[in-house]
Every structure is written in C-alpha cells, then in structure tokens.
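The report below sets out computed features of one structure, beginning with a pair of backbone details and moving on to chain composition and core packing.

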Amino acid sequence: MNIFCMILSSIARKVAMAISGLFLVFFLAQHFTINITSVISEETFNFLSHFMGTNPIVQFVLQPVLIFGVVFHFIMGFILEIQNKKARTNNYALYKGSENANWTSRNMIISGLVILSFLVLHFYDFWVPEINYKYVEVLPDNPNRYYEELVHKFHSPIRVGLYSVSFIFLGLHLYHGFNSAFQSVGFNNKFMIGVKKLTIAFSLIIPLGFIFIAIFHHLND
Amino acid sequence: MNLTLKIWRQSNSESKGKMVKYNISEISPDMSFLEMMDALNNQLIKKGDDPVAFDHDCREGICGMCSMFIDGEAHGPDRLTTTCQLHMRKFKDGQTITIEPFRANAFPVIKDLVVDRSAFDRVQQAGGFISINTSGNTQDANSIPIEKDDADRAFDAATCIGCGACVASCKNASAMLFVSAKVSQYSLLPQGKVEATDRVRNMVKQMDQEGFGNCTNTGACEVECPKGISLENIARMNREYLSTLLKS
C-alpha cells in the first residue's frame with residue numbers, strides 16, 4: 001500500500017475531517033472573542049476589527065487558509081456522506097438509531113447544511129460588503145465603521161431569528177464534532193472525560209454567546 | 001406468549017426479498033430467541049412452507065454466528081447479548097417483532113436472515129495474525145513479561161467474536177470497531193508489535209476495499225456490541241495508522 005493509497009484511506013479522510021474541524025473550532029473561538037467585545041466596548045471592537053481587516057498576515061495568509069478550511073470541511077463532509085450511503089443501499093424496515101446514538105451524531109449532515117446556508121447569508125452580510133469596500137470601490141480607510149455596520153445588520157428581527165436558529169444548529173454540530181475530532185486523531189484516554197466536558201461547555205457557550213450578541217444589538221439599536 | 005413476527009424472506013442472493021408476517025403462539029418466556037425461531041420453523045415445516053434460514057452455531061454467545069437485526073437493533077433490545085442469549089421474556093405478549101438480516105453492502109444476503117460475512121475473514125487474513133516460526137525453538141509466550149494493563153486491554157479486544165453487529169448498527173455500515181479490535185489485540189502485546197505497521201496498513205486497506213462505510217464516531221457500534229468492545233480501540237487504530245502514514 002503506497003503513501004498515495006494511505007492518504008485516500010477511510011482513516012486518513014476521517015483525520016483530515018477532524019483536523020479541519022478543530023481548525024474551524026479555533027477560528028470560532030477567535031471570532032467569538034472579538035465579537036463579544038462589541039457588547040462591552042465599541043472602541044475595542046472597532047480596534048480589533050480594523051486590525052483583523054487590515055493586517056496583511058490576517059488578510060493574505062490566514063484568511064485564504066480559513067476559506068480553504070471551510071470549503072475542505074464541507075466538501076469532505078459531502079463526500080463522506082455519499083460514500084456512507086453507498087455502503088448500505090438496502091435500508092432496514094425498522095432502525096432504532098436513537099437507541100444507541102444521539103441525534104446530533106447521526107445528523108451531522110443536517111446541522112452542517114444549516115451552517116452552510118447560514119454561511120452564505122453571513123458572507124452576503126459581512127464578507128461581501130467588506131471586500132467591496134476595500135477592493136472594489138476602494139473607499140478610504142475608516143477604523144470606526146465596524147461597530148455601526150454590525151449594529152445595522154441586527155436591526156432586522158428576521159435576520160436575528162435566522163442567526164439564532166443557525167447558532168442552535170452550530171451548537172448541535174459542535175456537540176458531536178468537537179469531541180469526535182479528538183477520537184478521530186487517536187486521542188481517547190483518561191483525559192477524554194475532560195474533553196467531553198470541554199465539548200459541552202464549548203457547544204453551549206459559543207452558540208449562546210453569538211445569539212446573545214445578535215439579540216443585544218437588536219434590542220439596543 | 002402470542003407474537004406476530006415480521007421477517008425478511010429472500011430465497012437467494014439474486015432475488016428481491018420482502019417482509020412476511022407470521023403469527024406464532026405458545027411461546028415460553030424462558031425460550032431463547034433462536035428457540036422461538038426453531039418453533040416457528042417447526043410450524044412452517046408442518047405446513048409445508050420453506051423454513052426461515054438463519055445463522056447459528058454455539059448458542060452460548062461465543063461464536064458470533066447469530067446475526068439478526070431484531071426490532072431495529074442488532075441482536076435485539078438487550079445489551080451485551082447475542083441473539084442466542086436473548087430471551088423471549090424481553091418481549092411482551094402480543095408484541096410484533098421485526099426481524100431482518102444485518103444490512104450492509106459488504107454483507108450481502110445469502111438467504112432470508114443469513115448474510116455473507118466473509119469480508120471480515122478477508123480483513124483478518126490481510127493482517128490479523130502474528131508470524132511465528134514453528135520450528136520447535138519458539139519462545140513460550142508465558143515467559144514474555146507483559147504489563148497487566150496491556151494484557152487486560154489486549155484480552156478485552158480479543159473478546160470480539162466478529163459477529164458484525166458493529167457494522168449492522170452503524171448508520172454508515174462501518175467496520176472500524178471490528179478491525180480496530182483485531183488490530184489492538186495484537187498491537188498491545190510484544191509478539192504483535194513486530195508486524196504492527198504492516199498489520200494496520202493492510203487491514204485498513206482490505207476494510208476499505210470491502211466497501212464498508214466511514215466511521216463518524218456515533219458510538220452505536222460500542223453500544224450494540226455483544227462483547228462491549230470499546231471505542232478506545234478505534235482511537236488506537238487511528239493512532240497506529242497515522243503513525244504508519246507519517247513514517248511512510
């Protein structure tokens with residue numbers, strides 16, 4: 001079995017899925033840390049957003065890596081789902097999946113599709129206008145515009161609702177994915193109890209925190 | 001007990017099967033599930049019908065032959081139990097029980113509830129062994145010191161009877177739990193470490209070639225395994241495979 005075959009193996013795919021997932025978890029934590037400052041201090045949020053929006057390393061190194069990570073995670077997720085469906089083409093007449101596995105672990109593709117739909121809206125809301133501002137219209141640099149843009153987006157209750165529902169699905173996705181990624185890379189020992197507790201904390205704090213930010217700015221607009 | 005059984009009937013591997021309903025009465029709660037199936041077959045034979053084909057051998061939970069998917073779960077609703085050790089007292093009088101073969105494309109149906117699990121044999125043949133020179137100079141295994149914890153974990157992995165409940169229960173029809181148990185039972189012991197790299201590489205390659213699905217860590221296999229094989233074995237196999245990949 002040569003190295004190329006090994007990279008294409010089921011375990012290698014699983015590990016790749018886990019590593020890209022952990023990378024996105026790290027990104028989520030960083031994104032949340034910056035966003036939560038918006039409810040504490042407008043100046044701090046503007047400062048951090050301006051830094052992230054103008055720093056060349058963030059813009060031209062980390063951002064492409066992030067986009068690659070997101071695209072890779074989704075494409076690999078779809079590939080695995082298709083392969084798994086092919087492994088059982090005759091389904092059971094009666095299959096009690098809930099007796100041995102929780103809903104989140106059995107329906108990662110559903111929560112993933114909701115997150116993908118959310119990302120389309122999120123990119124339309126923030127990333128596309130940002131690219132337009134900086135690289136299409138090439139408007140003058142304004143370090144104080146970020147807070148206003150954020151608050152403006154959460155004026156609509158429909159958008160706040162859509163964001164909140166999406167974050168609930170993000171929480172469900174994290175509840176299985178975070179913990180599962182460690183198992184996939186071979187980490188399953190006495191520290192796994194701590195990882196499971198961290199998984200619960202992360203899958204609650206981050207999505208609920210994002211929902212709080214959206215509702216906070218909607219009510220304070 | 002009076003029961004209604006909905007059983008998958010398929011005359012051979014080429015034909016299209018269907019669920020067929022049977023009524024059976026005077027079933028003792030102390031009967032095993034297979035004894036209940038024997039009673040049904042007696043009833044069918046008396047009527048001149050074709051009896052239901054199902055796999056069984058030791059009927060004491062150690063051979064791994066019995067393989068039914070009972071009421072939506074591999075080996076039925078009981079935990080840490082094979083179908084032969086499942087008793088009718090676990091069901092209610094008047095209940096309808098759905099009985100199907102283990103379903104996975106890697107386990108094609110041969111007839112009724114009998115499936116071809118030779119894919120597991122081929123995975124074993126790819127690396128589930130240690131090479132010993134049997135010239136007469138072989139060192140006695142008992143003379144090799146082994147840490148108690150490693151010996152216990154290797155033994156736990158070795159209790160896998162290869163029944164295929166992990167594949168049947170997994171929503172992806174993944175065989176990771178079986179393969180990882182077979183990898184672990186050798187790799188934890190000094191005798192198995194020598195060929196550990198080739199073993200994991202070859203067994204995973206064969207597993208993929210057989211058409212099993214990918215593991216997504218739902219944990220269904222661990223819950224339904226009649227021998228309680230742990231997911232820790234899958235993590236160990238992943239570690240060993242990654243290590244092999246990096247060395248390559």
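Does B:D71 count as buried or exposed? At 7% relative accessibility, B:D71 counts as buried, where buried means under 20% relative accessible area, exposed over 50% and partly exposed in between, with a 1.4 Å probe and protein chains only.

## Basis of the model

This is a predicted model, in which local features need pLDDT of at least 70 and side-chain atom pairs count only at pLDDT 80 or more, while totals for chains, interfaces and linings use all residues. Residues are numbered from 1 along each chain as its sequence is written, chains are lettered from A and ligands numbered from 1 in the order in which they are written, and side-chain values use heavy atoms, with hydrogens and water left out.

## Positive phi in chain B

B:D71, although not a glycine, has a positive phi of about 50°, and its place is in the loop between β3 (68-70) and β4 (73-74) of chain B; strands here are DSSP runs of E with at least two residues, helices are runs of H or I with at least four, and both are numbered from the N terminus.

B:L80, also a residue other than glycine, has a positive phi near 55° and is found in the loop between β4 and β5 (96-101) of chain B. With a relative accessible area of 55%, B:L80 is exposed.

## Chain A as a whole

Chain A comes to nine helices and zero strands, and its C-alpha atoms fill a box of roughly 55 × 40 × 35 Å along the principal axes. Buried residues make up 45% of its 221 residues. Among contacts (heavy atoms within 4.5 Å) in chain A between residues at least 6 apart in sequence, 77% join residues at least 24 apart.

## Nonpolar cores

A nonpolar core is a set of buried Ala, Val, Leu, Ile, Met, Phe, Trp, Tyr and Cys residues joined through side-chain atoms within 4.5 Å. The largest has 45 residues, of which B:V167, B:V179 and B:F212 touch the most other members. Two or more residues each are given to this core by α2 (10-36) of chain A and by α2 (118-127), α4 (165-169), α5 (176-187), α7 (196-209) and α9 (232-247) of chain B, with the largest share, six residues, coming from α5(B).

Leaving aside neighbours within four places in sequence, B:V179 is in contact with B:V123, B:M203, B:M207 and B:M237.
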